[in-house]
Amino acid sequence: MSYRLGIDVGGTNTDAVIIDNDLKVINSVKTPTTEDVSTGIRKAIHLVLKDGDIDKESIKYSMLGTTHCTNAIVERKNLCKVGVIRLGKPATMAIEPMIDWPEDLSKAVSENFTIAHGGFEFDGREIVSLDEEEIKNFLDEVKDKVEAIAITGVFSPISNAQELRVKELVEEVMGNDISVSLSSEIGSLGLLERENAAILNASLSKVAKNISLSFKKALEEEGVLSSEIYLCQNDGTLMSLEHSLKYPILTIACGPTNSIRGAGYLSNLSNAIVLDVGGTTSDIGVIINSFPRESAVAVEIGGARTNFRMPDLISIALGGGTVVKEKDGKVVLGPESVGYKITEEALVFGGKTLTTTDIAVRLGMADIGDKNKVSNIDLNFANRVKDEMYNLILKYIDNMKLTNDNAPLILVGGGSILVPEKIEGISEVICPENHSVANAIGAAIAQISGQCEKVYSLLKISRDDAITEAREIAIKEAVDAGADPESIEIVEIEDIPLAYLPGNATRIKVKAAGNLKSA
Amino acid sequence: MKLSEKEIEQIALGASLLGTGGGGDPHVGKLMALQAVKKHGPVDLIKVEDVPDDALVVPAAMMGAPTVLVEKIPNGNEFIKAFEELGSFLGKKVFATFPIEAGGVNSMIPIAVAANLGLPIVDCDGMGRAFPELQMVTFHLFGETASPMVLADEKGNSVILNAISNKWAENLARNLVVEMGGEAMISIYSLTGKQLKRAAIRNILSYSAEIGKLIMETQASKKDTTEQLINKIKGFKLFKGKITDILRKTTSGFNFGTAKIDGIEENKGDHFSIEFQNENLIAKKDDCVLASVPDLICILDLETATPITTEALKYGRRVTVIGIPCDEKWRTEKGIETVGPRYFGYDIDYVPVEKLIEGGVSK
């Protein structure tokens with residue numbers, strides 16, 4: 001028998017699970033997340049291996065979902081200085097790179113940018129050719145000041161030829177070791193958002209190296225020596241360590257994705273709404289064909305607007321540790337929370353703060369701590385708090401649904417005690433076994449994917465042929481990344497006509513995903 | 001009055017209300033305007049009354065695909081040469097610029113152009129809201145022509161176009177825009193000060209700024225933004241509800257659809273709908289019309305009162321729908337013929353929103 005090790009680093013806890021070849025859970029642990037992240041990971045690996053009675057050599061795959069990159073951007077720590085090249089002149093001069101970034105972020109990442117001649121029209125014509133001297137001059141000027149380069153060309157998702165050529169020039173001037181991020185490999189249409197994603201990606205080069213080295217080292221030190229190592233991406237699929245060095249930004253927000261995928265797997269549902277209740281907040285997401293629904297709007301990371309794929313989530317300020325108050329005869333829920341200090345501060349644990357967990361215990365919905373400590377809470381008041389919580393959750397669940405049809409709801413995470421058994425608009429409420437480590441399970445079961453996103457002119461190619469071509473590209477990408485060709489399925493086909501554009505231009509996006517090739 | 005960073009933020013927000021769901025995302029336009037005033041200093045906002053009768057005033061706008069605009073951002077100096085050429089063609093220098101429409105991205109472009117070219121901007125527009133077609137401006141009602149029209153691209157190409165009708169201007173311009181790469185900066189309806197005074201909708205930029213300021217301030221202090229907004233704009237609350245269905249179809253590049261909305265709170269039990277074609281056009285309770293184009297129908301987020309565009313409408317959103325009387329210039333025979341419900345294919349007569357409300361259709 002061979003096994004997989006899945007690890008997910010959350011804001012409060014680092015979880016680890018071991019699952020077998022049939023994806024059955026063998027062991028799971030939770031340990032507090034540490035400030036440096038890596039110590040917590042190491043500890044989780046140690047604990048899950050110690051308690052699980054398996055041969056370390058038989059762990060063939062190890063997957064890590066981590067918040068390293070998010071933290072680095074939010075805290076502006078360990079970020080590389082980036083040389084920013086936009087290929088757009090004479091277009092795009094009206095908005096310079098990073099113009100709407102928070103000042104501390106642009107200071108931390110880049111004060112060196114150029115808008116050079118280049119770019120393509122929507123139909124693939126060059127706006128103007130590259131001026132290679134202009135680019136070399138910029139590189140000469142910044143080569144001692146920057147540690148990574150980000151290149152973004154106008155309409156590069158339609159033609160990336162110029163971005164690729166500039167990458168060659170960078171390597172000529174600065175050598176092969178410098179990390180180069182191409183926007184066409186990271187984001188979709190929308191120049192500023194794609195450029196932001198490319199710059200942030202480049203700025204994470206050092207963090208990516210650090211994750212890779214420390215995860216490898218932790219596994220080695222714990223005796224996991226013959227495992228292939230992967231990092232989780234925010235679309236629920238995996239990338240190799242080598243790949244993660246090039247695209248670290250794709251790991252951002254993989255935590256909620258893992259918990260949504262884990263929820264779907266544990267309850268054996270491929271279409272449902274998922275509610276992940278934490279200590280301070282709850283996330284609501286949607287699982288469609290076993291993958292999280294992607295957000296359709298621009299997502300800000302550390303204050304910079306980006307447009308790369310992210311799970312569509314609503315976060316509500318309601319969790320197991322949310323503080324309950326009464327003001328002017330009205331129930332007030334939060335937004336403050338006692339968070340991870342719940343075991344000291346909640347009434348049932350002998351503390352002094354009334355929390356949602358205390359209400360749940362008072363109403364007999366949960367059996368945690370000492371229920372005698374909450375027996376003097378007025379029952380009528382407790383019921384009013386419960387109604388308030390239900391209404392809040394119900395409203396946001398309804399917001400996340402796309403139609404009026406009833407859908408199943410899967411509960412994962414710690415505070416699933418806050419949710420009623422029956423909810424309007426929900427066909428059934430499911431709280432699967434192992435729900436508290438759904439995120440680490442999501443990491444362990446993650447698949448390998450490939451994607452193709454291109455704009456086709458339907459005057460030149462039929463829609464069916466265009467989709468077939470895009471499917472083939474996506475499947476090939478998945479196989480190249482290590483997916484078992486037999487298991488590959490097309491998980492998403494999207495085709496969006498571009499408004500106001502003649503020539504029936506249509507953006508076609510296909511995603512394929514398959515299981516890891518078995519060891 | 002000067003337009004700098006603060007006013008630009010306010011106008012952009014106000015424009016998203018006056019855009020009545022359409023007009024395109026003002027984000028790119030706003031960033032253009034912000035960079036331009038950062039580089040060249042604030043823009044002078046002048047009153048329509050302050051434009052000399054014989055001065056040449058020309059609007060500035062973006063024509064083409066919003067999907068191209070977010071990728072191929074303009075250069076910012078497209079109009080320098082184009083305005084010079086137009087000036088020598090008409091034998092006058094361009095005195096000032098102004099927005100053709102008050103909603104969406106085109107509310108912002110003229111601010112960027114004015115800053116880059118060192119021109120003042122006139123506090124007026126030709127719609128008092130947003131509309132999708134070239135002839136849907138008050139200037140058309142007064143017999144002004146779109147020609148001579150100027151198109152300019154970022155590469156430095158510019159064209160002065162003289163068409164025999166506004167329809168021809170639209171057709172010729174569309175083809176040029178494609179050749180220019182799907183997007184161009186345009187100027188239509190060049191006017192004299194005298195013509196502007198007769199046909200323009202006045203004070204719309206300062207009005208947008210006031211609306212934006214009110215939304216920002218009441219949101220920050222958590223006061224009832226919707227009520228205060230309705231008082232300010234002399235509008236009417238049509239209903240409150242939850243979106244239960246969105247039917248969309250995209251035909252020849254335009255975004256058509258119907259939003260079905262179930263009443264909540266004081267409207268519980270009632271069923272409403274909104275018809276849109278880029279902009280919101282008709283609001284109904286069952287089959288009874290509550291408001292129709294050219295009056296403004298705005299969908300606001302129930303809690304924050306932030307205006308919602310038609311692209312962002314989706315199941316489950318809780319909204320307040322308000323109606324605002326349009327400018328009197330639209331409430332004429334020619335106005336209704338140009339932008340009334342029948343022009344958009346709805347078989348109903350236009351009745352002003354305040355009359356419909358008097359009938360007591362909305363509680």
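Guide: Let's start with a term: a residue is buried under 20% relative accessible area, exposed over 50%, and partly exposed in between, using a 1.4 Å probe and protein chains only. This is a predicted model, where local features need pLDDT of at least 70, side-chain atom pairs count only at pLDDT 80 or more, and totals for chains, interfaces and linings use all residues. Residues are numbered from 1 along each chain as its sequence is written, chains are lettered from A and ligands numbered from 1 in the order in which they are written, and side-chain values use heavy atoms, leaving out hydrogens and water.

Visitor: What makes Glu336(A) and Lys325(A) a salt bridge?

Guide: A salt bridge needs a side-chain nitrogen of Lys or Arg within 4 Å of a carboxyl oxygen of Asp or Glu. The closest N and O atoms of Glu336(A) and Lys325(A) are 3.5 Å apart, so the pair meets the definition.

Visitor: Why does this pair tie together parts that are eleven residues apart in sequence?

Guide: Because Glu336(A) lies in strand 18 (residues 330-337) of chain A, and Lys325(A) in strand 17 (residues 322-327). Strands here are DSSP runs of E with at least two residues, helices are runs of H or I with at least four, and both are numbered from the N terminus.

Visitor: And why is Asp347(B) called exposed?

Guide: Its relative accessible area is 67%, and exposed means over 50%, so Asp347(B) is exposed. Asp347(B) meets Arg342(B) in a salt bridge of 2.5 Å, N to O. Arg342(B), at 45% relative accessibility, counts as partly exposed.

Visitor: Which residue of chain A forms a salt bridge with Glu71(B)?

Guide: That partner is Arg194(A), with the closest N and O atoms 2.6 Å apart. This pair crosses between chains, from the loop between helix 3 (66-69) and helix 4 (78-90) of chain B to helix 6 (residues 191-203) of chain A. Both Glu71(B) and Arg194(A) are buried.
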